[in-house]
Amino acid sequence: MPKNAIRIALALTSVAAAAAQTTNCAPPTNQQLIIYRAGSLTRAFKPLEAAFTCQTGIRVKDEAMGSVDAARQITAGGQACDLYAPADYLDIDLFMKPAGYANFDIMFAHGRMVLAYSVSGLAAKKLPVPNKWYEILTMPGVLIGGGNPFLDPGAYRVPMIFQLAAEYYKTPILYNNLLEHLVSSGSGAVIGKQFDFQFSYEHSARATAASDPDYRYVDLPDEINMSDPAKDVYYREHAVVVLPGLGTPLSARTIAVPGNHVAWGITLMKDAPNRENAIKFLQLLLGPAGAASLKDNGPAPIAPALVTAADFSKLPESLRPLVTVTK
């Protein structure tokens, strides 16, 4: 068979397979599932939500934003929600559970923080080569872009990194010096233009670098990148941020969030309007399909997912075989 004919046959086969997959989807229903989640989960959750809708016919309302922002939208804002998936699992333990909105916390993915920069942006500034990575961040005119720490774990982990760096390098003033270079990146701000450096989740930085050759990132020591669960005691001892509470009757006025390894959590809201649909999605997320989507897109899956012994007894029974109890 001629090569062109082979290509056409292969293309038709692919189209036919895609069409078959589409026609095999369950018919649409009037049911829905409402998820409020971290924006850092977008690449993993979008295909998983599409697969869920295909399998069940249930429409997914997906709300991506800063995790603390999402918590306040659900609670003080009164927004209906079935599943809450923050970029810091502690947001469930420290905000949602004490205020009476959730019973359990499932840790299902993990990652680390990296330092990202623009090659052309740094070249334009003609900065000298430093001996240590943090020295260039504190040079005159250098700006570190960041979000709002009161709304987003990716943003509140930045001052934690500064605290950990000051401890690791035994330079107490480093925390303050780095803070002086931190600016709000804001909507539409571009690295290499409005600011020079940015701390990011490694899986997000990797995806950006794959499509933008001007975007690079460097690794940080484990004592600083918040990647190692075995170093949680160290992270907690040397890093903390204090945030306003949820603004609800049972929520504390302020909440101290300690340094901890980077891990994503998910919970079923106690007043979830679509409880059974939420449990079905959790079964998908915590199963092989969820692990595969997380592996392909990041953050890295924790398989099986983790729960505390106290939380295990509060899980729906159908989810218990899909998790393991932390020691």
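Contact here means heavy atoms within 4.5 Å. You're looking at a predicted model, where local features need pLDDT of at least 70, side-chain atom pairs count only at pLDDT 80 or more, and totals for chains, interfaces and linings use all residues. Residues are numbered from 1 along each chain as its sequence is written, and side-chain values use heavy atoms, with hydrogens and water left out.

**Exercise 1.** Find R72 and work out which residues R72 is in contact with, leaving aside neighbours within four places in sequence.

*Solution.* Start at helix α3, residues 67-74, which holds R72. (Helices are DSSP runs of H or I, at least four residues; strands are runs of E, at least two.) Next, skip the neighbours within four places: R72 then touches G77, F150, L151, P244, G245 and L246. Now zoom in on G245: its backbone oxygen sits 3.1 Å from a polar atom of the R72 side chain.

**Exercise 2.** Which side chain of opposite charge is nearest to R72?

*Solution.* First, R72 is buried, meaning under 20% relative accessible area with a 1.4 Å probe, protein chains only.

**Exercise 3.** Zoom out and describe the whole protein.

*Solution.* Count the elements: 14 helices and 14 strands. Then check the extent: the C-alpha trace spans about 65 × 60 × 35 Å along its principal axes. Last, burial: 46% of the 327 residues count as buried.

How values were computed:
Buried < 20%, exposed > 50% of the residue type's maximum accessible area, 1.4 Å probe, protein only. Lys, Arg positive; Asp, Glu negative; His and termini not counted. Salt bridge = Lys/Arg side-chain N within 4 Å of Asp/Glu carboxyl O. Polar contact = N/O pair within 3.5 Å; in protein donor to acceptor, adjacent residues only side chain to side chain.
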